[in-house]
Amino acid sequence: MKPDIKICGLKTPEAIDRALKRGATHIGFIFFEKSPRYVEPDVAAKLAEPARGKAKIVAVVVDPTNDDLDEIVSLLKPDMLQLHGNESPEHVLTIKALYGLPVMKVFSVRTADDLKRVEAYIGIADRFLFDAKAPKGSELPGGNGISFDWSLLGWLDGSIDYMLSGGLNKDNVADALVKTKARGIDISSGVETKPGVKSVALIDDFFDAVEEADKSVVASGS
C-alpha cells in the first residue's frame with residue numbers, strides 16, 4: 001500500500017501545484033511565527049484553494065491559544081489540525097470537540113521513553129506523527145532536518161497509525177519506508193534549498209524516490 005505523503009511548510013503556489021501533481025495526500029501550513037515556514041492564516045487560505053478535494057489541508061500549530069485556532073480554522077478551513085506542542089490528552093479532546101476536526105498529535109523522539117508518551121493519546125488523537133527531537137538551542141520543534149533512530153518504532157502496536165518525519169529526503173526515504181513500515185511520510189526541509197524555500201525539482205526528486213521504493217516493495221512481494 002502506497003504511503004500517504006505530506007509536504008509541509010508550503011508557502012508558494014508553485015510548490016503546492018507540484019506537490020499536488022505528484023500525488024501529495026496532505027499539504028501542511030505552519031502557524032508558528034518563529035518558523036521560516038510561517039504563513040499568515042489568510043495567505044494560507046488562498047494558497048490552499050487549489051488543494052481542496054485533492055489533498056487534505058493540515059494546519060500545523062504549536063501550543064495555540066483558542067483565539068489562534070479560531071482564526072486559523074475560520075480562514076483556512078483545514079481538514080486536520082496538527083498539534084506540535086505540549087498539548088495534554090485532555091486538551092486534545094477539547095480541541096477536537098471545539099472544532100470538530102481530526103487531530104494529528106506530534107511527538108518529538110530521541111529515546112524510547114519519548115515514545116512511551118504515546119500511550120496516553122491512543123484513542124484520542126486520530127493519527128500520530130513522529131519527528132526527531134530538536135537539537136539543543138533550536139527554537140523550532142520540527143523542520144530541523146535531522147532524523148532519529150527508526151528502530152525505536154519497532155515496539156509500536158501495528159494498529160497505531162502514524163506519519164514519519166525528521167530528516168527525510170530522496171536519499172533515505174526508501175530505507176525509512178522499509179525499516180518502519182510507516183503508513184505516511186512527512187517532509188519539509190528535505191525538499192528545500194534553504195529553510196522555508198521549497199524546490200520544485202527537489203519535490204520531483206522526492207516523489208521519484210518514493211515511487212522507486214514502492215516498485216521495489218512490489219517486486220519483492222513484501
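Asp4 is partly exposed, because its relative accessibility is 22%. On that scale, buried means under 20% relative accessible area, exposed means over 50%, and partly exposed is in between, with a 1.4 Å probe and protein chains only. This is a predicted model, in which local features need pLDDT of at least 70 and side-chain atom pairs count only at pLDDT 80 or more, while totals for chains, interfaces and linings use all residues. Residues are numbered from 1 along each chain as its sequence is written, and side-chain values use heavy atoms, with hydrogens and water left out.

What does Asp4 meet in a salt bridge? The partner of Asp4 is Arg127, at 2.9 Å from N to O. A salt bridge here is a side-chain nitrogen of Lys or Arg within 4 Å of a carboxyl oxygen of Asp or Glu. Asp4 belongs to strand β1 (residues 4-8) and Arg127 to strand β6 (residues 127-132), so the bridge ties together parts that are 123 residues apart in sequence. Helices (H or I, at least four residues) and strands (E, at least two) are DSSP runs, numbered from the N terminus. Arg127 counts as buried because its relative accessible area is 8%.

The whole structure has 17 salt bridges. Another one joins Arg22 and Glu211, whose closest N and O atoms are 3.3 Å apart. Arg22 sits in the loop between α1 and β2, and Glu211 in helix α7, so this pair ties together parts that are 189 residues apart in sequence. Glu211 is partly exposed, because its relative accessibility is 36%. Salt bridges with shared partners join Arg18, Arg22, Asp204, Asp208 and Glu211 into one network. Then there is Glu192 with Lys198, where the closest N and O atoms are 2.5 Å apart. Both Glu192 and Lys198 are buried.

Staying with helix α7, which covers residues 200-220, Val200 is placed there. Is Val200 buried or partly exposed? Val200 is partly exposed, because its relative accessibility is 25%. Apart from neighbours within four places in sequence, Val200 is in contact with Glu14 and Arg18. Contact means heavy atoms within 4.5 Å. From Val200 to Ala59 is 141 residues in sequence and 22 Å in space, C-alpha to C-alpha.

Next, the aromatic rings. A pair of rings is described by the distance of the centres and the angle of the planes. Rings of Phe, Tyr and Trp (its six-membered ring) pair if their centres lie within 6.5 Å; planes under 30 degrees apart count as stacked, over 60 as edge-to-face and the rest as tilted. How many aromatic pairs does this rule give? The count is 6. Phe107 and Tyr121 have ring centres 5.2 Å apart and planes at 80°, so they are edge-to-face. Phe107 is in strand β5 (residues 103-109) and Tyr121 in the loop between α5 (112-116) and β6, 14 residues apart. Phe107 and Tyr121 are both buried. Phe206 and Phe207 also make an edge-to-face pair, because their centres are 6.2 Å apart and their planes at 85°. Phe206 is buried, because its relative accessibility is 0%, and Phe207 is buried at 3%.

Ring pairs also link Phe107, Tyr121, Phe128, Phe130 and Tyr162 into a cluster. Lys105 has its charged end over the ring of Phe107, 5.1 Å from the centre. Lys105 also lies over the face of Tyr121, 5.8 Å from the ring centre. The rule is that NZ of Lys or CZ of Arg is within 6 Å of the ring centre and within 35 degrees of the ring normal.

Now the cores. A nonpolar core is a set of buried Ala, Val, Leu, Ile, Met, Phe, Trp, Tyr and Cys residues joined through side-chain atoms within 4.5 Å. The largest has 63 residues, and Phe29, Leu81, Phe130 and Leu164 have the most contacts inside it. Helix α7 gives the most to this core, with 6 residues. A second, separate core has 10 residues, among them Phe32, Val58, Met80 and Met104. Leaving aside neighbours within four places in sequence, the contacts of Phe29 include Ala44, Leu47 and Ala48.

Last, helix α2, residues 41-48. Its buried residues include Pro41, Ala44, Ala45, Leu47 and Ala48. They lie on the same side of α2, because they cover an arc of only 165° around the axis, taken from the directions from the helix axis to the C-beta atoms. Their cover includes α1 (13-21), β2 (26-30), β3 (56-61) and α3 (66-76).
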